[in-house]
Amino acid sequence: MPAIDVVSDADVALKWFHSDGEQEVAEARALVDAHQARTVALSVLDLTFYEVGNALLRGRARAGAEQVATVLEALGAICPALRPEPEERRLAAELAERHDLTLHDATYAAVAESREAALATLDHELLEAGLGARPSELTARLAKAERRGGR
Amino acid sequence: MRSEEPHIGIAMSYNSAMAARAVKVMVSLPEDLLSRIDRIAAERHTSRSAFLQEAARRELGWPDPAVIEAALERGRTALAGSGSFESADLIRAEREARDAGDRRR
């Protein structure tokens, strides 16, 4: 059984494919390794595909349509994309209001909280709101759980 | 199965393209696990059966490690020449641009 469930923010998911200039690449990729080993149940949200695609197409990456399509197809093959339930949308609205976040940002936190999962993110707004954890924190937590399980 | 585990009947159903019919099965679960399932199912306004179906599909549908590895390779090859950037900055900029666009509407 997985030690922890993890919902990945779009910024962490993008690091699974891109490394040049990135922080915490090894830790972000360690989460995928753990997912392959089934010690982490990794998922993204349905909106992650739009965020990753937009960032690649319109951001500094200036990726072309073919590159974006390949990355999005690959993302879909790695882990399930969760669709927020009505109650999770309600919780997202509450979190957005409480922490002055956009509804998109808060949806990641709401889905993770509702499903008793950790949110892996490097987004400073989600981290400052205490709604997510850096990949390095999660890999440390995973290593600790594995040490406990190995005793 | 541990002998101290209580035997609790759980009705599960499945739908197939060929025949949508519910099949009841008997499974044994520890009471504390069943309590967690019921609590989360209630929070999500779903039934115990629906929750267990979703969990089973998730487990059965877990991607093969070789499929994940191949997908990582395809994605990394696609972005191999995309240069240096920090994904958190890219995604944050996209979120702020979207938020600014929403506020202007």
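Trainee: Where is A:Arg62 found in chain A?
Mentor: In this predicted model, A:Arg62 is in the loop between helix 3 (46–58) and helix 4 (65–78) of chain A.

Trainee: What is the phi of A:Arg62?
Mentor: Phi of A:Arg62 is near 50°, which is a positive value in a residue other than glycine.

Trainee: Is A:Arg62 buried or exposed?
Mentor: A:Arg62 is exposed, because 12 other C-beta atoms lie within 10 Å, and a residue with 12 or fewer counts as exposed.

Trainee: What about A:Glu24; where is its place?
Mentor: A:Glu24 sits in the loop between helix 1 (10–15) and helix 2 (25–36) of chain A. Its phi is positive too, about 55°, although A:Glu24 is not a glycine.

Trainee: Is A:Glu24 buried or exposed?
Mentor: A:Glu24 is buried, since it has 21 other C-beta atoms within 10 Å, and the cut-off for a buried residue is 20 or more.

Trainee: Changing topic, which residues touch the most other members of the largest nonpolar core?
Mentor: They are A:Val6, A:Leu31, A:Val71, A:Ala109 and A:Leu119, in a core of 58 residues. Helix 6 (residues 103–114) of chain A gives this core its largest share, 6 residues.

Trainee: Why would nonpolar side chains be together?
Mentor: In soluble globular proteins, nonpolar side chains tend to be buried together.

Trainee: What is A:Val71 in contact with, leaving aside its neighbours within four places in sequence?
Mentor: Within chain A, the contacts of A:Val71 are A:Phe17, A:Val52 and A:Leu56. From chain B, A:Val71 meets B:Gly75, B:Ala78 and B:Leu79.

Trainee: How many residues does the contact take from each chain?
Mentor: The contact takes 38 residues from chain A and 30 residues from chain B. On the side of chain A that touches chain B, the largest share, 7 residues, comes from helix 4 of chain A. By class, that side of chain A has 15 nonpolar, 11 polar and 12 charged residues.

Trainee: At what angle do helix 4 of chain A and helix 3 of chain B pack?
Mentor: Helix 4 of chain A and helix 3 (residues 65–78) of chain B pack at about 160°, and their axes are 8 Å apart. The two helices are therefore roughly antiparallel, because an angle over 145 degrees counts as such. The crossing of helix 4 of chain A with helix 3 of chain B is left-handed.

Trainee: Which residues meet there?
Mentor: From helix 4 of chain A, they include A:Thr70, A:Val71 and A:Ala74. From helix 3 of chain B, B:Ala71, B:Leu72 and B:Gly75 are among them. By class, this helix contact has 10 nonpolar, 3 polar and 1 charged residues.

How values were computed:
Residues are numbered from 1 along each chain as its sequence is written. Chains are lettered from A and ligands numbered from 1 in the order in which they are written. This is a predicted model: local features need pLDDT of at least 70, side-chain atom pairs count only at pLDDT 80 or more; totals for chains, interfaces and linings use all residues. Helices (H or I, at least four residues) and strands (E, at least two) are DSSP runs, numbered from the N terminus. A nonpolar core is a set of buried Ala, Val, Leu, Ile, Met, Phe, Trp, Tyr and Cys residues joined through C-beta atoms within 7 Å. Two residues are in contact if their C-beta atoms, placed from the backbone, lie within 7 Å. Ala, Val, Leu, Ile, Met, Phe, Trp, Tyr, Cys and Pro count as nonpolar, Asp, Glu, Lys and Arg as charged, and the others, Gly among them, as polar. Axes are lines fitted to C-alpha atoms, for helices over the stretch in contact, and angles run from 0 to 180 degrees between N-to-C directions. Angles under 35 degrees count as roughly parallel, over 145 as roughly antiparallel, 65 to 115 as roughly perpendicular and the rest as oblique. A crossing is left-handed if the near helix is turned anticlockwise from the far one by less than a right angle, and right-handed if clockwise.
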